[in-house]
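Please prepare a briefing on the structure shown below.

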Amino acid sequence: MTLYAAECLTSHRCQLGEGPVWDAASEALYYTDILSNRLHAFDTATGNQHVIQLNQNLGCFALRQDGGFVLGMSAGVYTRSEDGQHMDKLENPQWNAMVRANDGKCDPAGRFWCGTSDEVEGVCEGGLYVITPDGRSARLLSGLRCANGLAFSAAPCISSIRPAARFSGTASTRRP
């Protein structure tokens with residue numbers, strides 16, 4: 001059996017650090033500090049830390065194929081250009097102020113899956129949403145307290161989300 005030793009890459013401490021994403025092309029590790037409204041990028045080649053300050057909680061994100069990010073935030077899902085000059089809220093999905101984006105991932109088909117979490121204890125308003133690469137979205141599950149722990153196959157994935165219309169979809173194997 002091979003044993004591995006973990007090492008700390010940065011001395012930065014988060015209030016609520018989540019969602020690490022490795023970008024092999026830039027050799028950077030991205031992660032969010034949800035409660036500080038920040039997206040972090042740690043350059044493993046140089047040891048430099050870059051911080052993108054946002055104006056609301058950032059629960060999750062994915063890298064976009066054409067650069068930039070898809071961001072699951074308190075008020076909805078946004079796209080942000082790589083240079084930060086453009087940030088646009090997608091028309092859908094929409095959720096109410098009692099929830100915020102909590103966990104999200106891109107699947108091998110380029111769809112961004114975003115789960116929300118209650119901001120008000122016990123309201124069970126959270127849901128699971130999916131957004132296709134052409135921007136269509138659907139709420140697949142509702143009545144959740146906290147959608148968390150999304151995972152897909154080991155295939156690499158980069159999102160190519162663009163705004164567009166809604167579609168209908170399904171989710172399977174819901175666990176209590």
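The structure, a predicted model, holds 3 aromatic pairs. Rings of Phe, Tyr and Trp (its six-membered ring) are taken to pair if their centres lie within 6.5 Å; planes under 30 degrees apart count as stacked, over 60 as edge-to-face and the rest as tilted. Y30, F61 and F69 form one aromatic cluster.

**Aromatic pairs**

- The ring centres of Y30 and F69 are 5.5 Å apart and the planes stand at 70°, so this pair is edge-to-face.
- The pair links distant parts of the chain, with Y30 in strand β2 (residues 28–33) and F69 in strand β6 (residues 69–73), 39 residues apart. Strands (E, at least two residues) are DSSP runs, numbered from the N terminus.
- Y30 and F69 are both buried, a term that means under 20% relative accessible area, whereas exposed means over 50% and partly exposed lies in between (1.4 Å probe, protein chains only).
- F69 also forms an edge-to-face pair with F61, at 6.4 Å centre to centre and 75° between the planes.
- F61 is buried, as is F69.

**Strand pairing**

- Four strands make up an open sheet in the order β5-β6-β7-β8, with antiparallel pairing. Two strands are said to pair if DSSP finds at least two bridges between them.
- At the edges of this sheet are β5 (58–63) and β8 (87–89), each of which pairs on one side only.
- From one strand to the next, the twist averages 25°. Axes are lines fitted to C-alpha atoms, and angles run from 0 to 180 degrees between N-to-C directions.
- Strands β5 and β6 run antiparallel and are joined by 5 bridges.
- F61 stands opposite L71 in β6.

**Salt bridges**

- Side chains of opposite charge can pair when their charged atoms come close.
- The count comes to 5 salt bridges, each defined as a side-chain nitrogen of Lys or Arg within 4 Å of a carboxyl oxygen of Asp or Glu.
- K105 forms one of them with D103, and the closest N and O atoms are 3.4 Å apart. K105 is partly exposed, with a relative accessible area of 25%, while D103 counts as buried at 8% relative accessibility.
- Another salt bridge joins the side chains of D107 and R111 (2.7 Å, N to O). D107 is buried, its relative accessible area being 2%, and R111 counts as partly exposed at 32% relative accessibility.
- D134 and R136 also form a salt bridge, with their closest N and O atoms 3.0 Å apart. D134 counts as partly exposed at 30% relative accessibility, and R136 likewise counts as partly exposed, at 31%.

**Model confidence and conventions**

- The mean pLDDT of the protein is 84, and 86% of its residues reach 70 or more. The pLDDT is the predictor's confidence in each residue, from 0 to 100.
- Over residues 160–170 the pLDDT is below 50. This stretch has 37 contacts in the model beyond near neighbours in sequence, a contact being heavy atoms within 4.5 Å.
- In this predicted model, local features need pLDDT of at least 70 and side-chain atom pairs count only at pLDDT 80 or more, whereas totals for chains, interfaces and linings use all residues.
- Residues are numbered from 1 along each chain as its sequence is written, and side-chain values use heavy atoms, with hydrogens and water left out.
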